[in-house]
Amino acid sequence: MPRQINLPALLLVFVLLISACTSTPEENTKPEIVVTTSIIADVVRNLTGDQIEVKSLMGPGVDPHLYKASQGDVSLLQNADLIVYNGLHLEGKMSEVLEKLKRSKTVLAVSDGLAEADIRTINADANVHDPHIWFDMTIWRKGVVYISGELGKSFPAMKESIDQNTTQYLHDLDSIHTLCRAEIETLPTEKRILITSHDAFEYFGKSFNFHVRGLQGISTLSESGLKDVTDMVNFIIDHKIKAVFVENSVPQKALRSVIDGCKAKGHDVTVGGELFSDALGAARTPEGTYLGMIQFNVSTIVNALK
Ligand SMILES: [Zn+2]
């Protein structure tokens with residue numbers, strides 16, 4: 001007699017097998033936020049914790065002024081549940097892509113959380129503003145609060161924990177700001193002249209009372225010319241400046257020619273260190289976080305100029 005097949009039991013096993021194969025692990029069901037820069041990625045991760053997947057288009061050391069979205073980036077953006085970028089034309093070559101995405105999904109600019117008076121205008125007629133808003137911790141804080149509020153609206157089930165994370169993060173941000181302020185107080189005001197590769201530090205200068213000059217303009221798109229180099233050499237000699245600073249996201253060549261120009265005229269100026277300007281340092285280093293990079297920059301500047 002042939003063995004009888006227990007059909008209902010077999011069916012049950014089959015259904016269980018299928019559901020075991022198709023049930024996705026927890027990570028894959030997380031909502032996904034895609035951001036442009038490493039600085040924004042760090043902030044958003046701090047606000048959302050591990051309940052949301054945060055992906056950054058630009059990694060450490062990448063210059064956002066020159067960055068073009070790849071085909072892979074575009075599909076990441078299209079599949080994102082939400083997008084966060086800096087705004088004020090920092091991601092100059094991505095404007096068109098971001099504008100298009102705004103028609104179909106939530107696309108947030110950190111700069112939208114700032115008051116108009118917070119934003120430095122470079123050219124009012126041409127509507128050009130300084131995008132390096134993260135370097136004034138008090139105004140960046142407003143951007144963080146704004147993004148947090150919007151995240152709470154977009155992910156209501158997570159609002160409570162986003163709010164808790166935000167409170168903790170703002171507390172940390174305020175503590176680091178106080179520490180930075182105290183460290184800068186040790187540097188006499190006449191020594192607070194900060195010379196860098198490009199004009200990323202004007203907000204930093206306003207916030208911490210530094211005179212700031214960048215060899216290139218607010219965007220790295222405009223390259224420095226011979227006249228810029230000569231003017232900078234004369235400025236450094238006139239003000240007896242002992243150190244200038246290279247940046248992690250900008251080639252060092254132009255600033256090196258300033259140093260050589262000073263030497264040729266008998267003034268020794270050194271590289272005071274590499275500052276993190278438009279991108280964070282490597283992951284799992286202190287400079288790999290926004291708060292860590294600010295602290296690193298402050299210590300580097302104070303140590304080199306005092
Ligand atoms: Zn920049």
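Trainee: Why is Q51 called partly exposed?

Mentor: This is a predicted model, and every value is computed from it. Q51 has a relative accessible area of 24%. Buried means under 20%, and exposed means over 50%. The value of 24% lies in between, so Q51 is partly exposed.

Trainee: Where is Q51?

Mentor: Q51 sits in the loop between helix 2 (38-48) and strand 2 (53-56). Its C-alpha is 27 Å from that of V97, and 46 residues separate the two in sequence.

Trainee: Why does H89 count as exposed?

Mentor: Its relative accessibility is 59%. Exposed means over 50%, so H89 passes the cut-off. H89 is in the loop between strand 3 and helix 4.

Trainee: Which pocket do L88 and H89 line?

Mentor: They line the largest pocket. L88, H89, N127, V128 and H129 lie nearest its centre, out of 14 lining residues. The lining divides into 7 nonpolar, 6 polar and 1 charged. The space in this pocket is about 350 Å³.

Trainee: What makes the site of the zinc ion tetrahedral?

Mentor: Check the angles. Among the 4 donor atoms they run from 93 to 122 degrees. Four donors count as tetrahedral if all angles lie between 85 and 135 degrees, so the site of the zinc ion qualifies.

Trainee: How do you know which atoms are donors of the zinc ion?

Mentor: A donor here is an N, O or S atom within 2.8 Å of the metal. H65 (NE2), H132 (NE2), H198 (NE2) and D278 (OD) coordinate the zinc ion at 1.9 to 2.0 Å. Those distances are inside the cut-off, so these atoms count as donors.

Trainee: Which distant parts of the chain does the pair H132 and H198 link?

Mentor: H132 is in the loop between strand 6 (128-129) and helix 5 (137-154), while H198 is in strand 7 (residues 193-198). They are 66 residues apart. Both H132 and H198 are buried.

Trainee: Which residues line the largest cavity?

Mentor: W140, G143, V144 and I147 are among them, along with I40, V43, V44, V84 and V110. Helix 2 and helix 5 each give two or more residues. Helix 5 gives the most, with 4. The lining has 8 nonpolar residues, 1 polar and no charged.

Trainee: How much space lies in the largest cavity?

Mentor: About 40 Å³. The count of cavities of 30 Å³ or more comes to 1.

Trainee: What makes helix 10 mostly covered?

Mentor: Count the buried residues: 12 of its 16. Among them are Y290, L291, G292 and M293. Helix 10 (residues 290-305) reaches 23 Å between its first and last C-alpha, close to the expected 22 Å.

Key:
Residues are numbered from 1 along each chain as its sequence is written. This is a predicted model: local features need pLDDT of at least 70, side-chain atom pairs count only at pLDDT 80 or more; totals for chains, interfaces and linings use all residues. Side-chain values use heavy atoms; hydrogens and water are left out. Donors are N, O and S atoms within 2.8 Å of the metal (3.2 Å for Na, K and Ca); water is not among the atoms, so sites may look incomplete. Four donors count as tetrahedral if all angles lie between 85 and 135 degrees; four count as square planar and six as octahedral if opposite donors are over 155 degrees apart and all others between 65 and 115; anything else is irregular. Buried means under 20% relative accessible area, exposed over 50%, partly exposed in between (1.4 Å probe, protein chains only). On a 1 Å grid over the protein atoms alone, a cavity is a set of points where a 1.4 Å probe fits but cannot get out, and a pocket is an open set with protein on both sides within 12 Å along at least five of seven lines; lining residues have an atom within 4 Å of a point. Grid points are joined across faces, edges and corners, and a volume is the space filled by probe spheres set on the points. Ala, Val, Leu, Ile, Met, Phe, Trp, Tyr, Cys and Pro count as nonpolar, Asp, Glu, Lys and Arg as charged, and the others, Gly among them, as polar. The expected span of a helix is 1.5 Å times one less than its number of residues.
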